[in-house]
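Morning, everyone. Have a look at the model first.

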Amino acid sequence: MILRTLAFTFVLAGQAIAADAPLLKDDFSVAKLEQRRAMRGEWKFTEGIASCTQDDALYKKNKDHGPILFYDLAYTDATIRFSYQADAAVKSVVFTCNGDDGHVFRIVASAVGTGMRAFPADAMNHKSIALAQEKSLALKPGEWVPVTITVHGTKAKVKIGGFEKTYEHPSLARAKSNLSVGFGFGTLRVKDVVVMP
């Protein structure tokens, strides 16, 4: 009986540890990570930070899309954390949850604030729906900005620095296949990317 109880306790402990294990952790200690695709620019990975400066010729070649870090990861509900630092030339920082059929949820930070957008699966041409435009969340050049997004069912709880708010749309409950952090113009630095179940 004691052995059976001990075995059951170890199984429960193992399940608890597995539930606390990240789906993804990127501390940028290595240049290559199986789930990471660093694209549309020359990304550098040093001292736990990924950094890239936009190449304007590549920007035009990629139809006005700047450098981006993609993470291939299957999830529906998750908590995603990272921090970024934009220099004064950066015009936008974009975080996106994507599904196999297109974008699901997007956050776009710029000098005029930060927009939250949902993408219904049946929308023509990937048209999005504005959930909010947070004017108080303008880009802060030179500052490290911590970001946490918890997507659960139809809700996305967003924390950016000291700001926190929950947004809701039915399309947020869709299955996701990757996430990305990208930007336009200037130089962006990213660190501490973690995705928890």
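Start with lysine 191: its charged end sits over the ring of tryptophan 144, 4.3 Å from the centre. The criterion is NZ of Lys or CZ of Arg within 6 Å of the ring centre and within 35 degrees of the ring normal. Arginine 37 lies over a ring face too, that of phenylalanine 70, at 4.6 Å from the ring centre.

A word on the source. This is a predicted model, where local features need pLDDT of at least 70, side-chain atom pairs count only at pLDDT 80 or more, and totals for chains, interfaces and linings use all residues. Numbering runs from 1 along each chain as its sequence is written, and side-chain values use heavy atoms, with hydrogens and water left out.

Now ring on ring. How many aromatic pairs does the structure hold? It holds 4. Rings of Phe, Tyr and Trp (its six-membered ring) pair if their centres lie within 6.5 Å; planes under 30 degrees apart are stacked, over 60 edge-to-face, the rest tilted.

Take tryptophan 43 and phenylalanine 183. Their centres are 6.1 Å apart and their planes at 90 degrees, so this pair is edge-to-face. Tryptophan 43 is in the loop between strand 2 (36-39) and strand 3 (44-46), phenylalanine 183 in strand 14 (residues 176-184), 140 residues apart. Strands here are DSSP E runs of at least two residues, numbered from the N terminus.

Buried or exposed? Tryptophan 43 has 8% relative accessibility, so it counts as buried. Phenylalanine 183, at 4%, is buried as well. Buried means under 20% relative accessible area, exposed over 50%, partly exposed in between (1.4 Å probe, protein chains only).

Next, phenylalanine 82 and phenylalanine 95: stacked, 5.8 Å centre to centre, 25 degrees between the planes. Both are buried.

Methods
Helices (H or I, at least four residues) and strands (E, at least two) are DSSP runs, numbered from the N terminus.
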